[in-house]
Amino acid sequence: MKVAVIGAGVMGPGIAQSWLLAGHEAALIDINEEALLKGKEKIKDSINMMLEKGLVEKSAEAYLTNFTTTISLAEGVEGAVLVIEAVAENPDIKSKIYEELDKLCPADTVIVSNTSSLPLPQIFPNFRPKKFFICHYFNPPEIIPLVELVKGEKTDEGAVLWLKEKLEECGKKPIILNGYKTGFLVNRLQIAMMREALEMVGSGIVKPEDVDTAVTCAIGFKHAWQGLFDTMDYIGLDTVAMAYVFVSQDLHSGTDVPEVIVQKIEEGALGVKSGRGFFDYSGDEGMKALKRRSSMLFDQYSLWKKGAI
């Protein structure tokens, strides 16, 4: 099966890689040839790291025999059964791409967007309403198992179930949202947790590094294998109800960007990409952090595949 991925930015190469590893043909499309070259190298480096960790059986070169890059949208989507749009979160850019895809792709082609927030089936209600919906991967998409499939009002249930099955064949764990909610599921959960963490740090109650320790050594440590509802069952729903009433009254509910974030932005401390955020990534520390992140995620992915988490 041929899968066409549009956009060679942060997500596109990893999305293409996930299909390559499952034995499919993947085409990566971008208007920038340099981005395509970088995307191919990114895939190659990632697969080689997976090979070192025993997560794949073949070399990057072997998988890349099914991989093509092109600046031509028509060439890239030709023969594709599935088209995944992964360009910038700009409706105007997406609109132009959808207009072209409508001319180039057969009526039965499933076209999805990797948007992380936009209600695209509502923004473009006349664009292939039955075969166009949201397929949201998480960064890095070649590792993180979860994919959110978000249906529109007119989405063909069969198309969603077909893609869910194909994603499962790629080793993914897709979930289906039966309607649009801002931020979908995971981002809503993350923002809720971030809001409380930022309030605690901003008020001086705790330091950022201690919040991260609490998450990795308690919340994340357990939630790697035990979900929220599973956790509630273990706690006891009567105890959950008592804690909910007691704690929820004191939770932060503001919607303004927290001052601690505003101040960091004004200082130009944007995180890894600027060399400084809540923590220091100057010099080669940023690259070290990214490599460590990938290595740790691959190790966790290995455990996940074995069913250990």
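Leaving aside neighbours within four places in sequence, alanine 27 is in contact (heavy atoms within 4.5 Å) with Lys2, Val3, Ala4, Val5, Thr68 and Gly76. The model is a predicted one, in which local features need pLDDT of at least 70 and side-chain atom pairs count only at pLDDT 80 or more, while totals for chains, interfaces and linings use all residues. Residues are numbered from 1 along each chain as its sequence is written, and side-chain values use heavy atoms, with hydrogens and water left out. Helices (H or I, at least four residues) and strands (E, at least two) are DSSP runs, numbered from the N terminus.

- Alanine 27 is found in strand β2, which covers residues 25-29, and at 0% relative accessibility it counts as buried; here buried means under 20% relative accessible area, exposed means over 50%, and partly exposed lies in between, using a 1.4 Å probe and protein chains only.
- Alanine 27 and valine 77 are 50 residues apart in sequence, and their C-alpha atoms are 7.7 Å apart in space.
- Valine 5, whose place is in strand β1 (residues 2-6), is buried as well, with a relative accessible area of 0%.
- Leaving aside neighbours within four places in sequence, valine 5 is in contact with Gly12, Ile15, Ala16, Ala27, Leu28, Ile29 and Ile84.
- Valine 5 and glutamine 190 are 185 residues apart along the chain, and a distance of 27 Å separates their C-alpha atoms.

**Nonpolar cores**

- A nonpolar core is a set of buried Ala, Val, Leu, Ile, Met, Phe, Trp, Tyr and Cys residues joined through side-chain atoms within 4.5 Å.
- The largest such core has 40 residues, and those with the most contacts inside it are Trp19, Tyr137 and Leu163; helix α2 (residues 33-52) gives the most to this core, with five residues.
- Apart from this core lies another, of 17 residues, among them Ala4, Ala80, Leu101 and Ile111.
- Tryptophan 19 touches Met1, Val3, His24, Leu82, Ile84, Tyr137, Leu163, Lys166, Leu167 and Cys170, when residues up to four places away in sequence are not counted.
- As general background, nonpolar side chains in soluble globular proteins tend to be buried together.

**Helix α1 and its packing on α2**

- Nine of the nine residues of helix α1 (residues 12-20) are buried, so this helix is largely enclosed by the rest of the structure.
- The axes of α1 and α2 come within 9 Å and cross at roughly 50°, where axes are lines fitted to C-alpha atoms, for helices over the stretch in contact, and angles run from 0 to 180 degrees between N-to-C directions.
- The two helices α1 and α2 are therefore oblique to each other, given that angles under 35 degrees count as roughly parallel, over 145 as roughly antiparallel, 65 to 115 as roughly perpendicular and the rest as oblique.
- On the α1 side Pro13, Ala16, Gln17 and Leu20 meet Gly39, Lys42, Ile43, Ser46, Ile47 and Met50 in α2.
- Glutamine 17, which lies in helix α1, is buried with a relative accessible area of 1%, and it touches Ile43, Ser46, Ile47, Met50 and Glu142, not counting residues up to four places away in sequence.

**Loops and backbone features**

- A cis peptide bond, with omega of about 0°, joins asparagine 139 and proline 140, and proline 140 is found in the loop between β6 (132-137) and β7 (146-150).
- Arginine 128 has a positive phi of about 40° although it is not a glycine; this residue lies in the loop between α6 (120-123) and β6 and is buried, with a relative accessible area of 13%.
- Phenylalanine 184, which is not a glycine either, has a positive phi of about 60°; its place is in the loop between β8 (173-177) and α8 (186-202), and it is buried with a relative accessible area of 1%.
- Threonine 109 has its place in the loop between α5 (91-104) and β5 (110-113) and is buried, with a relative accessible area of 3%.
- Leaving aside neighbours within four places in sequence, threonine 109 is in contact with Ala80, Val81, Val83, Arg128 and Lys131.
- Threonine 109 and leucine 82 are 27 residues apart in sequence and 6.0 Å apart in space, C-alpha to C-alpha.
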